[in-house]
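Have the sequence and the 3D view ready.

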Amino acid sequence: MLRYLLHSIAALLAAYGLLGAPTGAVAEPLKVGFVYFSPVGETGWTAEHDKGRRVMEEALGDAVSATIVENVAYGPDALRVIRQLAADGHGLVYTTSFGFMDQTLEVAGLYPDATFMHLDGYKSADNMATYSLRYYEPSYLAGMVAGAMTKTGTIGYVSSFPLPAVLQIINGFALGARAMNPDVVVKVIEVNSWYDPGREREASDALFAQGVDIVAHVTDSTAPTLAAQKAGKMVIGFHSDRAQFGPDSQLTAVIPVWGDFYTRVTGSVIDGTWTNAPMWDSMAQGVLAIAPLGPMVPQDVVAQVEARQAEIVAGTFHPFQGPVRDQSGTERIAAGTVIPDADLYSMNWYVEGVEGTLPE
Amino acid sequence: MAEINFIVILLIATVTAATPLMLASLGELVAERSGVLNLGVEGMMLVGASVAFAVAASSGSLLLGTVCGALAGALMSLVFAFLTLSCMANQVATGLALTIFGIGVSAYIGSGFTGVSLEVSGPLVVPFISDVTILGTFLLGLEPLTYVTIVLFFCVRWFLYKSRPGLMLRAVGDVPDAAHAIGFSVLGVRYLAVMFGGAMAGVAGAFLSVYYTPVWVENMTAGRGWIAVALVVFAAWNPTRIMFGALLFGGVTILQFHIQSANLGIPTQFLTMLPYAATIAVLVIISSDRARILLNTPASLAVPFRP
């Protein structure tokens, strides 16, 4: 027993020693770890991260070697996995879910020489930064498409949780839809989950029953697409281009493009220019896109959306530019001003035209 | 017109959401009527769901997937039957173990199929039926498996109460010693009843993964197996009441989304819980007649039989 303990301690010391030593000039590739909360799968959140990981490996070649750990449960399991990655000499670890925040922070404190990137959180350290995407930008464009295409004037939104990040997406979408058709109403139903195909399907069907002809979602499964395809309605996809499952129904989809992002950030760790400044990237950096518009979308709508996209990328248009009113008609963003990032971070209201209640 | 359409769509969604519960409960009813309490329905449903999805996604045939889901459920129940009937293991403990085992096995079988979707065809249009608007919309909106379920309900009811083998099955569940003395094979009947329950649970799982979502997710039955077991007990082992309870569950499941849209300010977490609570509460109330429960409860439920 004692001998086993001594061995473990020796091994631990060795691991610390290795990490403490200055990294070699060229020869050693940077070991990059990716922690996923779900299996990779074919479409969805984790599938997109893993696509990005592969692009990064291809771009950086011998300079990196990546490890992925999928289906990691939140809590003690996550702590064990992240610590194991750091102990194995991973100089950079991406934890790709909000739920890994505290565990990432804890391990970052234990391994000061490794770099940690945590997605969508709000805690950081000298060697740990947060990263997020401005999903409301492509959401606005998708909203434009939906606003132009709806015949009933009512669009449904299958929401997950009333968090600021989700409200940004729904509000951006509603603003885009109402820019094309000021009478459009967006009905929101929450399913209380990020990934629950059964409830996503039921919520989509409920929305269709209420006269919605297009459904959008902030959840991760293909269920809304399949529900729309089955009901002969239209859908705005999320996280992945799911056109193959909704060939007659998908108008477009809001998708993250992680490849260049992971290449850029990993590169900055390799050449030592990485900082722990929070990253909140936008369409201008090429990290977000909308899927090719479906064949049912008329050319003039395509042209309008492309023009707006160019303005967003150029920085001359912000989806949340005043005047913007909330559900009660109170002006939240004054005419001629753009919402400050701090207000986006703490968003807790729906824009005018959204039907749904938020907890007090 | 718009209101009628809304109600029709609501009905379709309700019946569809109720279908897996009907299937699993009818299966469990037959097993319990023979005197075996199998609490492993949730596990058997999950294994049925994962096997059915894996087969359907690999072969492209939904029917083949469903059949394999039924076989997988029956196989799971065979393990249970062997342990409880031949080895005399405690039925409650074995059933619980079967559920836990099923959760793990189904996750393993389905691990290669996460994030995979089956392709779905557009809305069905049949010339004559589609033209008769309301009825047509309703009839075409239902899944074929739902029709099968309704047929199975009549078959099970007829079998239990109107047929000789059904009488034998109930005798085995009430007074196994007498049934044995007359010359019935008590264990044989129970084996068959348990496997029928397993196959039905497997089909219920297959309905969820192959027709309803159609996506495989770990733990996707989300407690429906337990509701199925509860339905049987709270419906006082009456097939008609089981169907009613399943419809109630389906109805509340669907209605919660419309309640949300009505902006009544009810927390969504509460609405998520509602179908489970409402179904059990209503069934407890309508089945609270003690005499009737005593009359209907299989007298030898969960009591091992030693020939």
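## A strand and its partners

In β10(A), A:Gln250 is the bridge partner of A:Val235. The model is predicted, so to speak of local features pLDDT of at least 70 is needed, side-chain atom pairs count only at pLDDT 80 or more, and totals for chains, interfaces and linings use all residues. Residues are numbered from 1 along each chain as its sequence is written, chains are lettered from A and ligands numbered from 1 in the order written, and side-chain values use heavy atoms, without hydrogens and water.

Strand β9 (residues 234–238) of chain A runs parallel to β10(A), with 4 bridges between them. Strands here are DSSP runs of E, at least two residues; helices are runs of H or I, at least four; both are numbered from the N terminus. Two strands pair if DSSP finds at least two bridges between them.

β10(A) also pairs with strand β12 (residues 288–290) of chain A, antiparallel, over 3 bridges. There A:Val254 stands opposite A:Ile290. Is β10(A) mostly covered or uncovered? It is mostly covered: 7 of its 7 residues, 250–256, are buried (under 20% relative accessible area; exposed is over 50%, partly exposed in between; 1.4 Å probe, protein chains only).

## The nonpolar cores

The largest nonpolar core has 79 residues. Such a core is a set of buried Ala, Val, Leu, Ile, Met, Phe, Trp, Tyr and Cys residues joined through side-chain atoms within 4.5 Å. α10(B) gives the largest share, 15 residues.

B:Leu21 is among the residues with the most contacts inside this core. Beyond its neighbours within four places in sequence, B:Leu21 is in contact (heavy atoms within 4.5 Å) with residues including B:Ile227, B:Leu231 and B:Phe249. A second, separate core has 72 residues, among them A:Ala129 and A:Val297.
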